[in-house]
Structures are given as C-alpha cells and as structure tokens.
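I began with the aromatic residues and then turned to the chain as a whole and to its backbone.

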Amino acid sequence: MQKKIATLKEEIQIEVQKVFLQENENLRQKLFELKMQFLGKTGKLTDLLKSMKDVAPELRPEMGKYVNELRDYAEKLFAEKERLAREKEMALRYEREKIDITAPAIFQKKGGLHPITLIQNELIAIFTGFGFTVFDSTEFETDYYNFQALNIPEDHPSRDMQDTFFIHKNLLLRSQTSAGQVHVMEQQLPPIKILTTGRVYRSDSDATHSPMFHQMEGLVVDKNITLCDLKGLLDAFAKRMFDCNTKTRLRPSYFPFTEPSVEVDLSCVHCHGKGCKICKNTGWIEILGAGMVNERVLQTCKIDTAKYSGFAFGLGIERIAMIKYGIPDIRLFFENDIRFLKQFNSAKGEK
Ligand code: DAH
C-alpha cells in the first residue's frame, strides 16, 4: 500500500511535468483533465481512498494518514500548477497581442466621391437651400417628353444639335433634363419649384463634349414670375457656387421651350473679369441656358397662362466642374484615372 502511494505520487509529478512541457495554449484545460484522472470521482487517488476499507484495521490509521497526505499534496500541487498555468497563458496572450507602438501606422485606404457627384451634390445643396425640391426623372424618354412637349416638333432644326440616341422609333436616351419639366407640370399644380439632375446623352464628342454627360434643370412656375426672379436666383447661386464677387449677365438667345430665352454668363472666376486663357480674354464664361417658360409648353401641360408664368434653366454639371476646378478636357471625368480623381477628395492616408 505504501508503495502504491509512493508510485502514485511519482506518477502525479511526472504527468504534471509532462503537461507543462507539452502544452501551451490549453494548459489549464489539460491540467484540469489530469487532476480529474487522479482526484475526480473515479480518479486513481479517489479509488485509493475508497480502497482503504479493504486495508487491515490495524494498518488503516497509518495508511489513511499517508493517503490523506498524498491527497493534500496533490490538491496543493494542482492549485499551485494552475496558478502557474494561468500566468503562462496570460504571458503567451500578452506576447501574441502585443502592440508595437513604434511600428509605422497602417492606414485604411479611403474612397471618395467622383468630382461630378461632388458638384451635383453641391448644386442640390445650394438649390434645395433656395427652396427647390428634387424631382427624380427618367433617363429614357419618349419623343413627346424630350422634344414635342418642349415645343420641338418633328422637323425642328434644333433637334439636329442633339443628334440623339434612339433606342426605338419613339424611345430615346434623354438628350436634356428639360424633359423632366413636362413630367412635373403634368403631375403638379403651381406653385412649382423643382430641380432635376442626371445623365443626358447626345451624339457629340470632343474636348468639351461627351456622348454622356450630366445636367441640372431648374423650373419655377407661379404667379407673377418674371425674368428678374431668374436673374436674382442665378446671382445668388453664382455667389454660393463660386465666390461672393461672382456676377452673372444675361444675353439674348433662343431655345424652343423658353420665350424669351437667355444665355447666362459668369464673370470669370479665375481672373475676376480681367481676361485670361480660361475666359478667352473676355472676362466672362458661359454657364447655362435659361428663359421664361414658353407659353406653348405651359399650355401643353394644361397650366393656365393667364394666371401663371415661369422660368427654367439648364446647366451642364461637367461644365460647372471644369470652370470651378480649371479642368480643360471633359474626357478626364470619364477616363477614371485614379491620379486625377484623387485630387478631389482629401483621402488622408493614401500613399
Ligand atoms: N436643355 C438645354 C440644353 O440642353 C438647356 C436649357 C436651356 C434648359 C434653356 C432650360 C432652358 O431649361 O430654359 O442645352
């Protein structure tokens, strides 16, 4: 019996040592399993304690003392080793999760909005600030909405300027956001104060024209609307979009859907009217087309022209971006050269 106790003690010591030599991550779990092998309900040491009843009664007190000593020893040993195991596991974890605060920082690469989206958002922010509501219009239009209802009948020469993309005899990719005006006036009664932005398509391509580009259209219809309201609005817009010294001027022009029609110029935002390459030494840059909504358009949309009048304006978003950022070629917006696009967003951390 005494030998058995001694062997068991040795076994416990060896096994505990083995666990420490072999295990790293699961040290405490393994130690616990080992403890159960000896001190658990059916553990070897527990069995030995149970077998005391078979020991001759005169030897029982002495043997009992030895077995109890071994149990105390084992319990202490496991408690001590568990503490060590916890320390070892923590040390390992600290090592693994160590943060080197002197290491170079890892930056998250940040994406950014396309310059056209940035300008479009800015335009929307300015005009909604003036009380306009955004109307989301369709990119496909029928001939009626894109042309006829805007006073551009089938044989009208102004159709040539927009040599358009027809998908079908009567269906085309809209050539102007002005088409949205008609949808609005069909759906809403005055007072109307909307803007609509988005892609438009024309068969046209050079340094300042692209087959797909973006426009923003504004429409105001109410009682007593005059050209002065248009001029006042555009002045306020120019000051917000560019700088507070920017001026606008109106020049007579022609659009079938406005009467009178005007072309709007901006005092050059680069030379402030002195004359430079960008304004071709004129001091002025053309930015948009506008006018009083032609009565024929209002009547087509069943708006009482005896009561109401309105103005409309349409601008190219690329054009505004080119003026604002001094970009000479419209194609740069669509080539998606990351070196070009990156300039419009302060994407910190980019290398
Ligand atoms: N739709 C015209 C274009 O594409 C721009 C335009 C001019 C819109 C005059 C208007 C306007 O609303 O009144 O060139």
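Predicted model: local features only at pLDDT ≥ 70, side-chain atom pairs only at ≥ 80, totals over all residues.

Residues are numbered from 1 along each chain as its sequence is written, and side-chain values use heavy atoms, with hydrogens and water left out.

I then searched the whole structure for aromatic pairs and found 12; rings of Phe, Tyr and Trp (its six-membered ring) pair if their centres lie within 6.5 Å, and planes under 30 degrees apart count as stacked, over 60 as edge-to-face and the rest as tilted. F127 and F237 form a tilted pair, at 5.0 Å centre to centre and with 35° between the planes. Because F127 lies in helix α5 (residues 115-129) and F237 in helix α8 (residues 227-241), this pair ties together parts that are 110 residues apart in sequence. Helices (H or I, at least four residues) and strands (E, at least two) are DSSP runs, numbered from the N terminus.

The next pair I checked was F132 with F313, which is edge-to-face at 6.4 Å centre to centre and 75° between the planes. F132 lies in the loop between α5 and β1 (133-134) and F313 in strand β10 (residues 309-316), so the pair ties together parts that are 181 residues apart in sequence. F132 and F313 are both buried, and one aromatic cluster is formed by F127, F130, F132, F237, F311 and F313.

I counted 11 helices and 10 strands in the chain. The radius of gyration is 42 Å, whereas a compact globule of 351 residues would have one near 20 Å; the value is taken over C-alpha atoms, and the globule rule is 2.2 Å times the number of residues to the power 0.38. Along the principal axes, the C-alpha atoms fill a box of roughly 125 × 45 × 40 Å. I also noted that buried residues make up 41% of the 351 residues.

Of the contacts (heavy atoms within 4.5 Å) between residues at least 6 apart in sequence, 66% join residues at least 24 apart.

I placed R339 in helix α11 (residues 338-341) and found it exposed, with a relative accessible area of 65%. Its C-alpha atom is separated by 47 Å from that of A91, which is 248 residues away along the chain.

Which peptide bonds did I note as cis? The bond from P190 to P191 is cis, with omega near 5°, and P191 lies in the loop between α7 (179-187) and β5 (192-201). The bond from E259 to P260 is also cis, with omega near -5°, and P260 is in strand β8 (residues 258-267).

N224 has phi near 60°, lies in the loop between β6 (212-222) and α8, and counts as exposed at 69% relative accessibility. N336, likewise not a glycine, has a positive phi of about 55° and sits in the loop between α10 (317-325) and α11.

Technical notes: Buried < 20%, exposed > 50% of the residue type's maximum accessible area, 1.4 Å probe, protein only.
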